[in-house]
Amino acid sequence: MPWSRRLLNRAVLAASRWVERHGAIQPGTDLADAFGTFGAGSFVAHPTATLYGARSIHIGEDTLIGKHCSLLVGYAPDDVDLPERGLVIGDRCVIGARNVFTAHESIEIGDDVWFGQNVFISDASHGYQDPETPIGVQLGRHQSVVVGSGSWIGHGAILLPGTKIGRNVVVAAGSVVRGTIEDHAVVAGVPAKPVRRLVPGVGWLSATGTDLRPAWTTEQVAAMLAGAPEPPAPPLPVRLPWDDEPQPATGSVQP
């Protein structure tokens, strides 16, 4: 490569890094001041994809939001009828690149929630009941979305209106979630279903009851990484803990 092109390349990359660093939204910038809350140590990488309804967006402390994310409250940038807390993101969250969070009433994300890239969350969708009206102009009802603290939302997952995810839940990559997911569950698929649950005193048990993975503390994991032997796994339970859960009536429609 000619030296002139090499120097030009260096200059362009240096300028790009300068723009990214100084274009980020962080405490003390005008755009951060436009948010309902923008916590200390939080950072929204530059460039964003789309951002509006900032006064209804509340971000906790030490939360990192990647490039090309869309944070939206309302139906348009000039929408004045916004909820006070349309999009709430807790402390110490990590949100990967190209995530889209679009709120009309309430999306609430707890503390220490980590997202992969390309995750989509919305608390409203479009109707299709009127066969003579374009679906794009048929507005659906608002249904709040909650993501519990400590959860992990995998790459490309979609959380539909009305989703309620508990604490320390794993949502597998590419899953489409709707409805309520209990604490300490692993869900996967389209639609997402529990594939593993934490059974206290037993471990992480598969939905079929045939595969058991032990529950380890962070101290135990650190010790194993340092060379300690793996603790023995507990035996499989004779009866699945969810055998006594009520089952939906035949023919009922589930969300």
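# A tour of selected side chains

Arg-196, Asp-211 and Arg-213 are linked in a network of salt bridges. Select these residues to begin, and keep in mind that the model is predicted. A search of the whole structure gives five salt bridges.

**Next stop: Glu-20 and Lys-67**

Select Glu-20 and Lys-67, whose side chains form a salt bridge at 2.8 Å, N to O. Glu-20 belongs to helix H1 (residues 3-23), while Lys-67 sits in the loop between strand S5 (64-65) and strand S6 (70-73), so the pair ties together parts that are 47 residues apart in sequence. Colour the two by accessibility: Glu-20 is partly exposed at 28%, and Lys-67 is partly exposed at 32%.

**Next stop: Arg-92 and Asp-112**

Now select Arg-92 and Asp-112. These two residues form a salt bridge, and their closest N and O atoms are 2.8 Å apart. The pair links distant parts of the chain, 20 residues apart. To find Arg-92, go to the loop between strand S7 (87-89) and strand S8 (94-95). For Asp-112, go to the loop between strand S10 (107-109) and S11. Arg-92 has a relative accessibility of 40% and counts as partly exposed. Asp-112, with a relative accessible area of 32%, is partly exposed.

**Next stop: the aromatic pairs**

Turn to the rings, where the structure holds two aromatic pairs. Select Phe-35 and Phe-38: this pair is edge-to-face, with 5.2 Å centre to centre and 75° between the planes. Are Phe-35 and Phe-38 buried or exposed? Phe-35 is buried, with a relative accessible area of 5%. Phe-38 is buried, with a relative accessible area of 13%.

Then select Phe-101 and Phe-115. Their ring centres are 5.2 Å apart and their planes stand at 55°, so the pair is tilted. An angle over 60 degrees would count as edge-to-face and one under 30 as stacked. Phe-101 lies in strand S9 (residues 100-103) and Phe-115 in strand S11 (residues 114-115), so the pair ties together parts that are 14 residues apart in sequence. Phe-101 has a relative accessibility of 1% and counts as buried, and Phe-115 is buried at 3%.

**Next stop: Ser-42**

Select Ser-42, which is in the loop between strand S1 (37-38) and strand S2 (43-44). This serine has a relative accessibility of 2%, so Ser-42 counts as buried, the cut-off being under 20%. Which residues is Ser-42 in contact with, leaving aside its neighbours within four places in sequence? They are Ile-25, Gln-26, Pro-27, Ile-59, Gly-60, Glu-61, Asp-62 and Thr-63. Show the backbone of Thr-63 as well: the side chain of Ser-42 reaches the backbone nitrogen of Thr-63 at 3.0 Å.

**Last stop: a surface patch**

Switch to a surface view and select Trp-114, Trp-152 and Val-170. Together these residues form a nonpolar patch on the surface, with about 290 Å² of accessible area. Val-170 is part of strand S17 (residues 170-171). The relative accessible area of Val-170 is 33%, so this residue is partly exposed.

Key
Residues numbered from 1 in each chain as written. Predicted model: local features only at pLDDT ≥ 70, side-chain atom pairs only at ≥ 80, totals over all residues. Heavy atoms only, no water. Helix = DSSP H or I, 4+ residues; strand = E, 2+ residues; numbered from the N terminus. Buried < 20%, exposed > 50% of the residue type's maximum accessible area, 1.4 Å probe, protein only. Polar contact = N/O pair within 3.5 Å; in protein donor to acceptor, adjacent residues only side chain to side chain. Contact = heavy atoms within 4.5 Å. Patch = residues over 30% accessible without salt bridge, like charges linked within 9 Å, V, L, I, M, F, W, Y side chains within 5 Å. Areas by Shrake-Rupley, 256 points an atom, 1.4 Å probe, with all protein chains shown as cover. Salt bridge = Lys/Arg side-chain N within 4 Å of Asp/Glu carboxyl O. Phe/Tyr/Trp six-rings, centres within 6.5 Å; stacked < 30°, edge-to-face > 60°.
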